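User: I'm new to reading protein structures. Could you pick one part and give me a close look at it, step by step?

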Amino acid sequence: MALNAAVFIDKDGTLIHDVPYNVDPARIRLRDDAGTALARLQRHGFHLILITNQPGVALELFEHDALEAVWAKIALDLSAFGVVLDAVYHCPHHPEGSDARYALACDCRKPEPGLLLRAAHEHRLDLGRSWLIGDILDDVEAGRRAGCRTVLLDVGSETEWRGGRLREPDRVAKSLTEAVDAILAEADSPAAPSPAAGWSAWTA
């Protein structure tokens, strides 16, 4: 059987507006163009998979079960655009957590690629044809480590700018619409990924 291509999407700051450690469904808002952008990817045949760090669990800021209401609200909001996520994967860990069950260094907390690798195994994904969209360089690194091409959503979320070969996105976009434009333009291209043009100057 042929493997599927996917777009992995970060949650906070990328798919929805970032409200730190929020699990109140009433405070969840999709980015203005998120529904239409993801609908285009879905029509093109991409699997849509949400990939997110949720260290609030390890830090005991909310219960693990509270995330179910978050996933349900996101699914409801996306359904207005006919969009259905294929899966949601989250990491509840943090090495400095106060809940001993989750206070550990793991392989699933971005920038580690564990969530993407698990999704690829469970959904028969071709990571070489897949993309990740995220708003910080830890997202980019996770995607690159997994073998995906990456888009950095430049919305002001990245503050540390720690560089490195695995932290160079293939594309930089100002919106999800622009990110999807770039992905669809290259969807059928066999060319190997290359860092975004002007990356060094752009981060200087």
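Analyst: Helices here are DSSP runs of H or I with at least four residues, strands are runs of E with at least two, and both are numbered from the N terminus. The model is predicted, so local features need pLDDT of at least 70 and side-chain atom pairs pLDDT 80 or more, while totals for chains, interfaces and linings use all residues. Residues are numbered from 1 along each chain as its sequence is written, and side-chain values use heavy atoms, without hydrogens or water.

Let's look at helix H2, which runs over residues 67–79 and has 13 residues. From its first C-alpha to its last, H2 reaches 18 Å, close to the 18 Å expected at 1.5 Å a residue (1.5 Å times one less than the number of residues).

Now for its two sides. Leu 67, Val 70, Trp 71, Lys 73, Ile 74, Asp 77 and Leu 78 of H2 are buried (under 20% relative accessible area with a 1.4 Å probe, protein chains only; exposed is over 50%). These residues lie on the same side of H2 because they cover an arc of only 160 degrees around the axis, taken from the directions from the axis to the C-beta atoms. An α-helix has 3.6 residues a turn, so residues three or four places apart point the same way. Glu 68 and Leu 76, on the other side of H2, are exposed.

What do the buried residues of H2 pack against? Their partners are helix H1 (34–44), S2 and strand S3 (87–91), with contact meaning heavy atoms within 4.5 Å.
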